[in-house]
Amino acid sequence: MTSFLGRRIVSSAIPLVFVVLGVFCLARLTGNPVDLYLPLSATSQQRAEFSAAHGFDDSIPVQLWDYLTQAAQFDFGTSLRTGQSAATMVLDAFPVTLQLAGVTMLLAILGALLVGSLAAYRPNSLIDRIAGLLSMIAASIPDFWFAIMGVLVFGVGLDWLPTSGTLGGAEVWVLPIATLVIRPFGVLVQVVRGSMVGALSAPYVKVARSKGAGAGRVVFGHALRNAVTPVLTVAGDLTVGLVNGAVIVETIFGWPGIGKLMIDSILQRDFAVLQAAVLITAVTIFALNILVDVCHALIDPRVRQAVPA
Amino acid sequence: MKPSTLPAPAAAEGAALEVEGLRVELRTPSGTVRAVDDVSFSVRKGRTLALLGESGCGKSMTALSIAGLLDPVAEVTEGSVRVSGTDVLRLSPAGRRKLAGPGLSIVFQDALTALNPVQPVGRQLAEPFRIHRGLSRREAKEKAIELMTRVGIPEPRLRARSYPHQFSGGMRQRLLIAMAVALDPDVLIADEPTTALDVTVQAQIMRLLRDLQTERDMAIVLITHDLAVVAQRADDVVVMYAGNVVETGPVHEVFAHPRHPYTKGLLDSVPEHAVRGRPLPAVPGSPPELSAVPSGCVFQARCPLAQERCAQERPHLVSVGASRSAACHFSEELDRV
């Protein structure tokens, strides 16, 4: 298991390097921040000073080298906009997104396992059809529409929930989480249902029934663990989407998360913050993929064995 | 067609398993078809009955309906199945579950898919004891290890923690058999238990089954298309064709003097009867689609003896000697050939 993990970490680190390089170069293609931060009336001497102060006068390879040597010492530069350390800004924003994503996925997975299993237990039953219809709707609703309708109905119309902000108790979570959870839930119900139908028609389920196992034992004792592998893979992908910035939800509900921070720093050519934000999401996504792989290995002994020691 | 009025081959008295007039229908997109029609037989404790027929003749469907494991598209529409006197088709789902294991159990064909790939085998073997005897995890595990020892798994204590894919095909079949006999069932259904195995392992598995049968006094229903297995291991045979029983009786009599042209055709196509330089004898044609079973005799299209009568009138299973019966208008003639 340890060697399995080590191997996965090494093989993930390589693409990570390319992501860092790619973002660094692409960011510099968006234009010179000098034009944005200095007034049109700035003299060429002022412009040169600004460039020199932030290192934009060096050639790209030199800038890259400086960036890498500093990053290796956990110095990710300072924000052009705020003058704050980029790392601090990212680390302030990231937990907000992570919390949103974590709670969302937890609810989506648990809900989907329950509803999907119920639907799969009797294919084409009434429950199955209702679940199929609802999950399709859930998976297709545009989240910005749902969010705005939520604000309109529950925030403005009924005045039950706050329209935006992170200050308050549990009620501030309701609309953002509801908006985020609906699509992953819809998608996952369909995945769970599909793989559960497959698992429930497998011979080992017949064998379990032939031993006198009841519905609960058949579904949760035998089928679920076999059915959950594709669910994990899809859930991993969906989580990546959430971590990558629930931009719309963060914008509509005014949550200072990483998605909002990234968009702002792109628009402002705030390279240091952008690079730090991409780096932390990339690391998280790789960690997430490793986590999904580890879960696969824990669930299925055949995956564990397929990796030579 | 009405259920056969004829008594099943083995004496019904004290039978461990009695199947009478069993009919199974399948719902398909193009309508309902009969997969099993008017099948009757019975087996006593300690005896083996073979259900013989080619793929798709309804023998596995018969087994699954006896065990109550039919897929939702299939349904038993007529007949009765009694396990040690209890009509299992009338039981509640909970009542059936109670019987599944101690009353009747089943060994499936492909042991790789029949064992749960993500559970250690020890836990799967312990499950019957957990479900029916309410044993603790540890007690049940001890029972599982005893069973593994009994069916000849080396180092059972260690191997109980292994997963199905870590065993050979023969060992997996042993595990599956161990699981099926865990609670000393009255009736054991073995659905082609050796088809997935190579020949030497087949013989070992059949021997294990026979030893367990003697030891635990089980009635065995052996489902197979292997004539040699039937000849060596079964006491009685039920030959099925297109969902119908075409001939039944004690194996040695049926095989020595088949009274149905299908049985005869099967026996003639055993390669030992082949003559050098001539094509291997075979039953020409293939079985009818279940949706297009003819109104007369089900075998008419492939039968060398078929006449006009066979197209109009379906032959009933009639007695053709002591504890033998056949469903052919011309079974008398066949005997004289």
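The cut-off for calling a pair a salt bridge is 4 Å. In general, side chains of opposite charge can pair when their charged atoms come close. Over all chains, the structure holds 27 salt bridges. Please keep in mind that this is a predicted model.

Now chain A as a whole. What does its secondary structure come to? The count is 14 helices and zero strands. The C-alpha trace of chain A spans about 85 × 60 × 30 Å along its principal axes.

Next, the interface. Between the two chains an area of about 2,200 Å² is buried, and carbon and sulfur atoms give 58% of that. In chain A, the residues that lose the most area to chain B are A:Lys206, A:Ser210 and A:Lys211, which together account for 29% of what that side buries.

A:Lys211 comes up again when we look at charges. This residue forms a salt bridge with B:Glu127, where the closest N and O atoms are 2.8 Å apart. Between chain A and chain B the count is three salt bridges. For polar contacts across this interface, the rule finds ten residue pairs.

Now to chain B, and its sheets. One is an open sheet of four strands, in the order β2-β1-β4-β5, with antiparallel pairing. At the edges stand β2 (31-44) and β5 (86-87) of chain B; each has a single partner strand, so one side of each is left without a neighbour in the sheet. Strand β4 (residues 74-83) of chain B is joined to β5(B) by two bridges, and the two run antiparallel. Here B:Arg82 stands opposite B:Asp87 in β5(B). Helix α1 (residues 59-67) of chain B lies across β1 (15-28), β2 and β4 of that chain, at about 110° to β1(B).

There is also an open sheet of eight strands in chain B, ordered β6-β7-β8-β3-β9-β10-β12-β11, and its pairing is mixed. Why do β6 (104-107) and β11 (318-319) of chain B each have one side without a neighbour in the sheet? They stand at the edges, each with a single partner strand, so one side is left open in that sense. Within this sheet, β7 (residues 187-191) and β8 (residues 219-224) of chain B run parallel and are joined by five bridges. B:Ala190 has B:Leu222 in β8(B) as its bridge partner. Helix α11 (residues 261-268) of chain B lies across β3 (48-52), β9 (236-241) and β10 (244-250), running at about 100° to β9(B).

That is the end of my part.

How values were computed:
Residues numbered from 1 in each chain as written. Chains lettered and ligands numbered in written order. Predicted model: local features only at pLDDT ≥ 70, side-chain atom pairs only at ≥ 80, totals over all residues. Heavy atoms only, no water. Buried area = accessible area lost by both parts, 1.4 Å probe. Salt bridge = Lys/Arg side-chain N within 4 Å of Asp/Glu carboxyl O. Polar contact = N/O pair within 3.5 Å; in protein donor to acceptor, adjacent residues only side chain to side chain. Pairing = 2+ DSSP bridges. Contact = heavy atoms within 4.5 Å. Axes fitted to C-alpha atoms, helices over the stretch in contact; angles between N-to-C directions.
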